[in-house]
2 protein chains.
Amino acid sequence: MRTLPEILARRPARDSRFLRIEEIDLAFSNGARRTFERLTASGRGAVFIVAMRDRDTVLLVREYCVGLDRYELGVPKGRIDPGETALEAANRELQEEAGFAARKLTSLITLSLLPAYMTHKAEVILAEDLYSQSRPGDEPEGLDVVPWKLSELPALLGRDDVSEGRSIAALYIARDFLAGNFRPRETAC
Amino acid sequence: MRTLPEILARRPARDSRFLRIEEIDLAFSNGARRTFERLTASGRGAVFIVAMRDRDTVLLVREYCVGLDRYELGVPKGRIDPGETALEAANRELQEEAGFAARKLTSLITLSLLPAYMTHKAEVILAEDLYSQSRPGDEPEGLDVVPWKLSELPALLGRDDVSEGRSIAALYIARDFLAGNFRPRETAC
């Protein structure tokens with residue numbers, strides 16, 4: 001196991017580099033009125049990449065997550081940079097985080113994070129026909145790459161370092177797609 | 001289809017009732033230093049409820065979500081109130097949102113929202129042996145209750161009002177559990 005990073009300091013932040021909070025006044029069709037808060041995303045969305053090394057083996061990465069202050073195991077993911085398509089972002093993040101590129105990329109579905117409070121969306125990309133190719137990323141340390149069999153997905157959920165809802169959903173959806181049980185809509189985003 | 005609520009006003013909020021942003025300075029074990037932001041949850045967590053009307057039929061609800069400004073179809077969910085266990089919160093939310101209570105409640109897994117940026121966690125609760133019982137909630141309007149077959153989960157993902165990662169993960173995990181393929185850890189939370 002990796003040694004957890006040391007927390008040197010914590011402080012409240014009044015302004016965020018990434019998050020903007022909005023208040024919205026609403027009138028429902030039955031006349032009810034409410035004021036809701038929501039977080040607006042500043043970027044172009046994110047990608048979650050289900051990268052298949054073979055027909056049953058997916059490449060997961062283990063990364064430190066400051067929200068939970070622990071290492072989490074899940075699919076590679078990242079933000080879509082300006083000027084990139086979702087498929088380009090997926091192929092870049094896969095090279096940065098897992099050291100592989102893909103010859104075949106398929107958009108499966110768009111997932112929301114917290115639709116009642118956040119505007120954030122992420123596209124799930126299936127990456128196939130992989131080859132070794134690394135790119136330097138902005139990660140503070142290299143990530144462990146962990147192969148896992150899709151046929152052993154329930155055992156993955158029993159681990160204490162697997163928890164992210166969208167990562168788990170992405171794996172199940174990819175498994176259904178590869179088994180011929182799920183057909184993506186034409187425009188996933 | 002429901003008529004969307006009218007947005008009467010939008011304004012930036014400097015302070016949030018629900019969200020606190022923290023900056024954290026970190027030293028990784030390789031010497032790298034980073035300052036990360038995270039959102040700290042103020043409450044006791046949330047529950048996502050997979051409520052089975054029969055062995056294959058789950059009760060979904062359709063609710064307006066201001067984050068995406070649309071009605072979203074997913075499992076009933078809500079916050080854990082002070083003094084409540086996760087199972088008690090699940091049974092209360094199920095009565096408020098779907099008009100049912102459950103005689104049997106099982107904790108399946110704890111899901112995180114965005115582990116790299118948020119401390120938020122939600123417990124997935126399977127609710128079985130249901131009976132009709134309503135409780136008034138704080139929803140601005142009644143929710144449509146939509147039965148759906150777990151055996152037709154891939155078709156659900158093809159809808160344009162189904163997107164929440166944790167709701168989709170909860171349905172897949174419950175399906176695996178009911179099929180005998182997934183065994184929860186002893187302490188889900």
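**The interface, from both sides**

Modeller: Of the interface residues of chain B, 100% are interface residues in chain A too, so the two copies meet through the same surface. Bear in mind that this is a predicted model: local features need pLDDT of at least 70, side-chain atom pairs count only at pLDDT 80 or more, and totals for chains, interfaces and linings use all residues. Residues are numbered from 1 along each chain as its sequence is written, while chains are lettered from A and ligands numbered from 1 in the order in which they are written.

Take the contacts to begin with. On chain B, 64 residues are in contact with 64 residues of chain A. Contact here means that the C-beta atoms of two residues, placed from the backbone, lie within 7 Å. On chain B, the elements giving two or more residues to this side are β1 (6–12), β2 (19–27), β3 (33–41), β8 (100–112), α2 (153–157) and α3 (165–178). Helices (H or I, at least four residues) and strands (E, at least two) are DSSP runs, numbered from the N terminus. The largest share comes from β2(B), with nine residues. By type, the side of chain B that touches chain A holds 34 nonpolar, 12 polar and 18 charged residues. Nonpolar means Ala, Val, Leu, Ile, Met, Phe, Trp, Tyr, Cys and Pro; charged means Asp, Glu, Lys and Arg; the others, Gly among them, are polar.

β2 (residues 19–27) of chain A pairs with β1(B) in the antiparallel sense, over six bridges. Two strands pair if DSSP finds at least two bridges between them. One bridge to look for joins A:E22 to B:P12 in β1(B).

Within chain B, β2(B) and β3(B) run antiparallel and are joined by nine bridges. There, B:L26 stands opposite B:R34 in β3(B). Chain A has an antiparallel pair of its own: β2(A) and β3 (residues 33–41), again over nine bridges. In that pair, A:L19 has A:A41 in β3(A) as its bridge partner. β2(A) and β3(A) form a hairpin with five residues between them, and A:G31 in the turn has a positive phi of about 100°.

Last, the helix α3. On chain B it is among the elements on the side that touches chain A. Follow it in chain A. α3 (residues 165–178) of chain A has 14 residues, which should span 20 Å at 1.5 Å a residue; its end C-alpha atoms are 20 Å apart, which agrees. The expected span is 1.5 Å times one less than the number of residues. Of the 14 residues of α3(A), 11 are buried, so this helix is largely enclosed by the rest of the structure. Buried means that 20 or more other C-beta atoms lie within 10 Å of a residue's own; exposed means 12 or fewer, and partly exposed lies in between, with C-beta atoms placed from the backbone. The buried residues of α3(A) include A:I168, A:A169, A:L171, A:Y172 and A:F177. Just after α3(A), A:G180 has a positive phi of about 80°.
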